[in-house]
Protein chains: 2
Amino acid sequence: MTLFWAKGYHATSLKDLEGALKMKPGSIYAAFQNKETLFRATLDRYAQRMTSEMQALIAASPSPLAALQGHLEGLANLTLCDRPSTACMLVKSLLEVPREGELRGFITTHLDRVEQVIGGALQAAQARGELPPDADTGRLARRIQIYIFGLKVQAQRETDPDRMRELCEDLAAEIGRAATP
Amino acid sequence: MTLFWAKGYHATSLKDLEGALKMKPGSIYAAFQNKETLFRATLDRYAQRMTSEMQALIAASPSPLAALQGHLEGLANLTLCDRPSTACMLVKSLLEVPREGELRGFITTHLDRVEQVIGGALQAAQARGELPPDADTGRLARRIQIYIFGLKVQAQRETDPDRMRELCEDLAAEIGRAATP
DNA sequence: ATCATTTTTGAGCGAATGCTCAAGTATATT
DNA sequence: AATATACTTGAGCATTCGCTCAAAAATGAT
């Protein structure tokens with residue numbers, strides 16, 4: 001997963017995978033059907049972790065809205081982190097995979113799932129009165145996801161941590177503006 | 001450029017390029033040094049067009065701020081468009097290229113240039129009194145660019161034009177909120 | 001028309017790709 | 001201990017990759 005996340009699908013060769021998995025080609029093809037199936041498995045794992053991390057973050061906070069804001073602000077620390085890539089593996093893959101391929105649907109399904117998690121948190125926030133009763137939680141969820149996409153892309157080029165923090169704060173503040181006064 | 005934009009650097013083979021350019025390998029390597037140099041040339045061309053399009057849009061409108069908002073709203077029509085990809089070629093490339101490679105700097109330079117164009121428009125808006133005198137135009141420019149990144153990524157998965165329009169409107173409205181009341 | 005120069009051609013190079021499979025090694029069962 | 005079953009090995013397959021270069025064709029100069 002680390003390898004595919006860092007280098008992308010095409011740039012990751014089976015030699016790379018042999019080294020990372022410490023397996024010979026035969027074993028790899030016995031365990032996973034082929035390169036693409038292995039890639040799908042890593043996408044599954046990544047998406048699984050991403051969603052459960054997000055759910056944990058939401059569950060840990062009494063205020064779902066504050067949790068989402070906190071998540072956005074947390075993206076400021078993405079620069080110095082030792083992750084394979086600051087960018088979201090699902091977004092990277094979405095942009096790399098052909099438009100009409102079957103992988104496309106696979107990836108979007110996972111992205112939809114994340115959107116659902118965010119939407120669920122917003123509904124909970126609404127139930128708690130943090131959001132106006134007439135607020136469109138789905139719409140807001142998609143907007144927040146776009147913020148995450150954008151910030152994680154930005155983290156690939158923005159070297160200044162302060163500037164990154166500024167942007168995270170700005171976008172987090174926007175979510176706060178959707179809250180009930 | 002179309003080919004690299006649609007398929008990405010790694011997924012575009014020289015066979016593909018031979019077909020698209022209607023040139024044999026020898027001619028390609030005589031005209032462009034190698035695959036990577038050709039790729040850089042296409043990135044140059046893309047960035048050039050992108051910036052000049054944006055500048056033209058800004059120049060055509062009396063209000064720079066309205067021009068930027070219009071640009072964001074225009075991204076709603078990205079779905080049905082016949083472009084090679086709804087995503088920004090620079091962003092696609094940024095995510096595909098290795099973190100430490102020389103191509104990275106090349107791409108970020110172009111992205112910085114676009115940021116400068118947006119920032120320039122915001123300064124003009126400020127001079128016209130559309131933005132408060134103390135507004136941080138650079139910071140706002142980066143935020144708008146993140147909106148563009150995010151929306152263009154979203155356009156890769158969002159099939160519903162209405163939802164896309166909603167999001168574009170929301171983000172355009174967000175810019176409007178920075179304007180002087 | 002002749003010759004010098006530039007451009008195009010495409011067969012094919014070495015290396016790398018994703019992948020296979022017979023042979024070998026480990027594990028489990030009796 | 002003997003046998004059956006499962007997993008691992010790695011040489012090497014067919015194909016494709018990015019790329020080269022001598023020869024042919026087109027172009028320009030005289």
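Me: What percentage of the 181 residues of chain A count as buried?

Reply: The model is predicted: local features need pLDDT of at least 70, side-chain atom pairs count only at pLDDT 80 or more, and totals for chains, interfaces and linings use all residues. A residue is buried if 20 or more other C-beta atoms lie within 10 Å of its own, exposed if 12 or fewer, and partly exposed in between, with C-beta atoms placed from the backbone. For chain A, the buried share of the 181 residues is 37%.

Me: How many helices and strands does chain A have?

Reply: Residues are numbered from 1 along each chain as its sequence is written, while chains are lettered from A and ligands numbered from 1 in the order in which they are written. Helices (H or I, at least four residues) and strands (E, at least two) are DSSP runs, numbered from the N terminus. Along the sequence, chain A reads α-α-α-α-α-α-α-α-α. The totals are nine helices and zero strands.

Me: Among contacts in chain A between residues at least 6 apart in sequence, what percentage join residues at least 24 apart?

Reply: Two residues are in contact if their C-beta atoms, placed from the backbone, lie within 7 Å. Among contacts in chain A between residues at least 6 apart in sequence, the share joining residues at least 24 apart is 68%.

Me: Which helix gives the largest share of the side of chain B that touches chain A?

Reply: The contact takes 28 residues from each of chain B and chain A. On chain B, at least two residues each come from α6 (89-96), α7 (102-127), α8 (137-154) and α9 (161-176). The largest share, 10 residues, comes from α8(B).

Me: Which element gives the largest share of the surface near DNA strand D?

Reply: Two or more residues come from each of α3 (25-31) of chain A and, in chain B, α2 (14-21) and α3 (25-31). The largest share, five residues, comes from α3(A).
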